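Let's take a walk through a protein model together, one piece at a time. Have the sequence and the 3D view ready.

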Amino acid sequence: MRTLKNLWHQICRDKLFTAIYIFGTALTLATVTVIAVMMWNKVAPVYPEYQRDNTVYVNSLKTIEKTDNGNMTRQGNLGLSTIKDFIFTLPHHDIATAYIDDWDNHYAQRPDGGRDIELRRKPADPAFFQLFNFKFLAGKPWGQAEFDSGLRVAVLGDRTARKIFGATEPEQLTGRRFTLDFVEYTVCGIVKEGTPTETVSYAGVIIPYTSLSGFNNETLELWGSYCVALRTDDKDGIRRALKEKQERYNSSHDDIEISFFDQPVDSVVLGLSGNTSIEGFNLTDILLAGTASLLVLLLVPALNLSGIIWGRMEGRLPEMGVRKAFGANRSTLLSMVLWENLCLTIAGGIIGFAAAFLMLKFGITDLFVTGNRADESIVTNEMVLSGQIIIFIFLVCCLLNIMSALVPAWRSLRKPIVESLKEN
Amino acid sequence: MLTLNDINKIYRTKTIETCALNNVNLHVEKGEFLSIMGPSGCGKSTLLNIMGLLDRPTSGTVTVNGEDVTGLGDRELARFRNRTFGFVFQSFQLINTLSVLDNVTLPLLYRSNPGNIEQLAREALEKVGLSHRMTHKPTQLSGGQAQRVAIARAIVGNPAIILADEPCGNLDSRMGSEIMELLHELNTSDGRTIVMVTHNESQAKETDRIVHFFDGQQVTL
């Protein structure tokens, strides 16, 4: 309480310092918040990927062919036969869905003849709707029968549906037709659309991959364009089982060797590995790199803020001298200055957080979404206002406070009392 | 009560060595009102700072109630200062961002069991006749009033010794007299030990004992 009172007096005394300090902190914290939200949403259970904690992924396969001219290595997504032989037959899972990680540009033609809508397409199987908990605003997902028959049915995201059909109630859209890349599809359901940061589940339109011509026309036996996500309670067990299958395959083939690396990987590895190969992924390295980047990101503003605090502490030297004369020791005063500063940093943090929220709402996520940017980028409130993000930002505030205030405060408090008093 | 033994204070720079105090020995009795006089730069304030443990001597010892406090660390020194000394400075040294009441509470903030801080501060302000100015800021006070607040701050923690460095130096003669009256009252009615640095001979003559200084040495007139 007394610290807050002191702080209020300081604020009143030095409004310019306060304004500059809070603005500088807010700018830094806004940047950190945006990055933290984007990173967090890659690994946290958020709509519709609420089951991330129990989900593992197999995205790629490496083959080493032994030819007369040496070894030839190839790497790519999985073929349907590989999925059926190696993945779907694995133990320790209750849901497995195959989908195409489709990064090409696709276009929907609007019924009113207006300009084509660029969107992201997700060809998948029916289990996709079991693993990812989409909220249906109207209709229902296409099922096994439609999938087996290769029917051209589609589940649309609500934002995409509005772009294609205009401002129509979702209930009125089921059964309506539209063309996707000039192929006619029937809408069977409208879901609340996720965000492009969720690279596995996000799409404007979800269709059965069997509706695509040549969906099983794979040029090579093992490869294709498919990825698999599985729900499991035994990640290590499923990883071991795939390893055993891989070894069995390799021991029975002299001319080719396959590798699933350390797959299936969990959502943390998948989310943080980004565009790099899962092979050789090291979480410790990623965390160290992230921490180092954060420190570098904070260093420049911390140095600037440090200069401002240095100036203010020079102005407060007589006060510190008086406090010391009447019984305050250095550590008490250091703690007082750091608490006062932390309050200002948190004020900056709150403003920065609010600014980040607005930036994210207004589509700055485009900066972080690689590949096709067909859709407007929107984050949901649950993504930003999560307890973990708020705690992280608070910790960053503490870190920034220490980085910016500790040295100037300590150095000025080391000045002898007599010298400090003379400054008045 | 307070004894200085063979105190030397030398200020050193790369090229110059200045001796501020040269082999000073002084004893202050309990309940005594002692004044220290001398020309500017003779080391009076340095001596007072060393007495109040605001500065360390280059050599020699400071003993308070038989306890040698020269070698205490920062934490112990701070605690000792808080319990034993109350300071009154020439330029008041009030914190302008705090109210009068908050300024007076200052020494109590750094005590482990200070009691009712606000109540004690109010009582101290009543003693100096400024209870009606508690919510004001120091910048809203006259010089005499500011020095009264400084005295209230010095006595609020009930210290054994009050060290006053030219308490009337920034005040006109009328206000100076008021402050001196107050200090005498604290000395006679409360029995507080007071050591005062002053240039003013008439004020010094009102005290129990005068110690003269010249060029860092105690001199006898």
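Two strands count as paired if DSSP finds at least two bridges between them, and the strands themselves (E, at least two residues) and helices (H or I, at least four residues) are DSSP runs, numbered from the N terminus. Before we use that, a bit of housekeeping. This is a predicted model, where local features need pLDDT of at least 70 and side-chain atom pairs count only at pLDDT 80 or more, while totals for chains, interfaces and linings use all residues. Residues are numbered from 1 along each chain as its sequence is written, chains are lettered from A and ligands numbered from 1 in the order in which they are written, and side-chain values use heavy atoms, with hydrogens and water left out.

Now find strand β5 of chain A, residues 106-109. It runs antiparallel to β6 of chain A (residues 117-119), and three bridges join the two. Look for A:H106, which stands opposite A:L119 in β6(A). β5(A) also pairs with strand β10 of chain A (residues 177-180), again in the antiparallel sense, over two bridges. Here A:Q109 faces A:T179 in β10(A).

Zoom out on chain A. It splits into domain 1 (2-47 + 282-422) and domain 2 (61-211), with bounds that come from an automatic or database domain assignment. Their C-alpha centres lie 43 Å apart.

Over in chain B, there's an open sheet of four strands in the order β2-β1-β4-β5, with antiparallel pairing. Its edge strands are β2 (17-28) and β5 (67-68) of chain B, each pairing on one side only. β5(B) has β4 of chain B (residues 59-64) as its antiparallel partner, over two bridges, and B:T63 stands opposite B:D68 in β5(B).

So how do the chains meet? In chain B, 24 residues are in contact (heavy atoms within 4.5 Å) with 24 residues of chain A. The area buried between them is about 2,200 Å², with carbon and sulfur atoms giving 58%; buried area is the accessible area (1.4 Å probe) that two parts lose on being put together, summed over both. B:Q93, B:T97 and B:Y110 supply 28% of what chain B buries against chain A, more than any other three residues. Which elements give two or more residues to chain B's side? They are α2 (74-84), β6 (85-88), α3 (100-109) and α5 (143-155) of chain B.
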